[in-house]
Amino acid sequence: MENNKEEMHLDDAARVKVLSPGMMVAKRFFRNKLAIVGIVIIIAMFLFSFIGGMLIPYSQSQVFYTTEEIKKDYAGATQIAQYQFQTVEGESLPADIYSKTMIAASTDKYVFTSRDGNVYGLGTEGKDVFIVYALEETKLLLKKNVDYEAAVEAGRNTFVSNDTTYLFDGDDVNADVYIATELAVGSMSSFTSFSAGTKFTYEFYRNALIAVSNGQKSFEADDTTYEVDGEVIKTGGEEYALVSDMNFNAVEAGVFLSPAYKAAATEAFEAGADSFSYADEQGDMVEYHIENKNGQYLLKRYQETRVIDSYASPSKAHWFGTDGNGMDLLARLMYGGRISLLIGFVVIFIEVFIGMIIGGVSGFFGGWVDNLLMRLVDVVYCIPSMPLYLILGSIMDFYQAGATTRIYMLCIVMAVIGWVGIARIVRGQILSLREQEFMVAAEATGLSTYRRIFKHLIPNVIPQLIVFASMGLGDVILAEATLSFLGLGIKYPAASWGSIINAVNDSYVMTNYLFVWLPAGMFILLTVLAFNFIGDGLRDAFDPKMKR
Amino acid sequence: MLCPNQIYFKVIKGKAINKGVTNIMKKFILKRLLISVVLLFFVSLIIYGIMRCMPTSYVENQAMALATRPGSKSYQEWVEQLNAQYGLDTGVIQGYFSWAARAIRLDFGDSWYWNQPVLQKFSSVIWYSFALALASFILEIAIAIPAGISAARKQYSMTDYTVTVVALIGISLPSFFFATILKYIFSVKLGWLDLYGIVGRNHQSLSDFGKFIDIAKHMILPTLTLLVVSIGSLMRYTRTNMLEVLGADYIRTARAKGLSEKKVVNYHAFRNTLIPIVTLLGGSLPGLFGGAMITETLFQIPGIGYTSYQCIVQGDIPFVMFYMVFMAVLTLLGNLLADILYAVVDPRVRVN
């Protein structure tokens, strides 16, 4: 039309450009700006979902982790307030020895009877160091006994005479005397070896405790000589064990707390410090924070911990951030787009297939067939779809259908509910077409029913069908998104745009993580809008009467 | 279901001139009612069948809870006992007929989840839904019809494109997404309205008028959501019909005889546009009672939609059964109403 600026003659063949009906429709369609916008959006969505999904290095269910500095409990330390016993191999102590010892130590009554009736005695070996004996009453003349007098002199209540250990209870020579069998050594100290795996023998315990509490410089045990240096016990110049009145426990199993660390910690406790530094295995200084709760100390330190990178803000690695499960949102949007588009097309395809057959048969044959099929359409039309989807969703939940099964089931159910609209359109269209001259002519030429339906009627219905299908696609995507949003459609780990927005059910996410739900919602809106634009444009293109 | 054209033909074929229109109408309505009853039978049968397939039923949950009690019967025994109690031990067909026999007498049983008669629960929640739907319905009419007409009057103008795009956006907006945006803006960012619920925290201490205002305030966002989501189709419908009417011969005649454009549009065109619109609106009147399941659930408005949603999730068969049949009745009623209205509103149909 625009070329009439050139010199043209009425009989010029090129003057009127004849377009085929299809070309006319295409021309009218492409003149519609909104339809072009729709086409562009849909192509972009397809590229984004299918090509983008291939290009993105992440998968839809890949979980990302991040390291975070978290103040974590490292160790606990407790002031030892109860006697710790190391027993002679093969011996055992009564259950109430702890309380009895406490009472005995505070009342200076070193002989007591345990709950099971046996008599026990404590031999004082130094400050807060006792040796526990099993006692057996005996008669022994204490008067003029050299060993006894030496013991009284030393302030002890035990003495050894003729290779037998005796314990006496009383201040004068009339005291009760018992034959004592050594059972255990008790103290308020704990031992830590400087090298992991060292086991201490009873003899070592006993002699070390006595030596430390009496301030001796060295002692012998197991044929070895040990030197005492404050709280550290050395052998052959090497540090062997640490004696401390604090009990240390690492929070995590398998962590070896070195004596040096304990010493540093003890020092910090005594100084009342809030924190102290100590070199870790790599030699880096780590700061430990001390929390004091009535003599129980908790040591904390900042530790790098691997955590799921949930609700990470958009960054270079994750352009749209991550969701609550630490999955990349961009990848999920792409894969979700695949599912949403796929479901839309599959459902519409099935709907058109069923609708065309039922509507076509109904319209063409009329009579009781029409009546019956239309009543069927009415019945399906009356079933409320949303509650039905919800019920079917919960049925699938119950059978724990896999993500793929759910997608197929969803397609089938939506198509089975949705075909009635198409059937009605096809029937109405065919009813009116049937009466037209070209159909009468087709019948007159003796064409078979099959040919008349599929070669002459159906092609005339197709424009309407395309319009309806492109608009219906939007509806299907919306319905799927709504179902997934309610948590009954596509399920984790598969993604769909609706299930991504599902996160807003948590108000905290809605308020603080806009980037999680906004893009998915916009994608749904844009896609559905684009299908509606296209459908609108197609209708105008197919129906030139509307364009005055 | 008859299309409007068929009614037109039916009226002519039925020798309307001799027998009178009212008689024909009565016959037509009666026939349609009978068909509706038959349809309802099949619809409810299908719904009942699906409901009986529901595995995560309230009964199982209840039995599970009861069986964990100390010294209780086994789970299986409880299931059997409860099934017998709730009439689920019969076959689907038998169960359906016993349900239908009671449903005809409007006895829908007791809701398991709410623990009260279904109809009692229904009547206590339906008015929230109705108020919500009515508010958005009125606003919809008030906005969509003028907008659609002005778009049609100036086809391909800026107004027309705006109306088309706005209508299409409304149709394309997922209600849950729009509701979330509204909540984000008005509840979270601006803090004007509450996120959820129908009443505020201090509802009880308010005066009667204050209570009304409180509920109205909580209705704003749901109404807005419903309005935006549903306004598009009416706008487009009005526009399309107005375009059709404006292209009709009698409008050309009206213009040709020299009537002002205002008169042509407001009297000749508008009245004729109203015919299909009134039919459509009339047909959607019963739908006002249907509740908006998604919107109500999102805003936790205790209407029929939200109540049913909870019942579906909980597997409360009597209530869901009632709700689905109720929805089917509303759909049938809407179609019937639309067809009758078509004959009532259009004088051409009546005269013939």
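Colleague: Is B:Gln300 buried, partly exposed or exposed?

Modeller: In this predicted model, B:Gln300 sits in the loop between H13 and H14 of chain B. B:Gln300 has a positive phi of about 50°, although it is not a glycine. A residue is buried at 20 or more other C-beta atoms within 10 Å and exposed at 12 or fewer. B:Gln300 has 17 C-beta neighbours inside 10 Å, so it counts as partly exposed.

Colleague: Is B:Asn115 buried or exposed?

Modeller: The loop between strand E1 (110-111) and strand E2 (116-117) of chain B holds B:Asn115. Its phi is positive, about 60°, and B:Asn115 is not a glycine either. The cut-off for this class is 12 or fewer C-beta atoms within 10 Å. B:Asn115 has 9 others within 10 Å, so it is exposed.

Colleague: How many nonpolar residues does chain B have on the side that touches chain A?

Modeller: Chain B gives 39 residues to the contact, and chain A gives 39 residues. Among the elements of chain B that give two or more residues are helix H3 (21-53), helix H13 (293-299) and helix H14 (304-314). By class, that side of chain B has one charged residue, six polar and 32 nonpolar.

Colleague: Which residue of E11(A) is the bridge partner of A:Ala221?

Modeller: Strand E10 (residues 218-221) and strand E11 (residues 224-229) of chain A pair in the antiparallel sense over four bridges. They form a hairpin with two residues between them, and A:Asp222 in the turn has a positive phi of about 50°. The bridge partner of A:Ala221 is A:Thr224.

Colleague: What distance separates the centres of domain 1 and domain 2 of chain A?

Modeller: The domain assignment gives domain 1 as 21-64 + 317-547 and domain 2 as 84-246. Taken over C-alpha atoms, the separation of their centres is 88 Å.

Key: Residues are numbered from 1 along each chain as its sequence is written. Chains are lettered from A and ligands numbered from 1 in the order in which they are written. This is a predicted model: local features need pLDDT of at least 70, side-chain atom pairs count only at pLDDT 80 or more; totals for chains, interfaces and linings use all residues. Domain bounds come from an automatic or database domain assignment. Two residues are in contact if their C-beta atoms, placed from the backbone, lie within 7 Å. Ala, Val, Leu, Ile, Met, Phe, Trp, Tyr, Cys and Pro count as nonpolar, Asp, Glu, Lys and Arg as charged, and the others, Gly among them, as polar. Two strands pair if DSSP finds at least two bridges between them.
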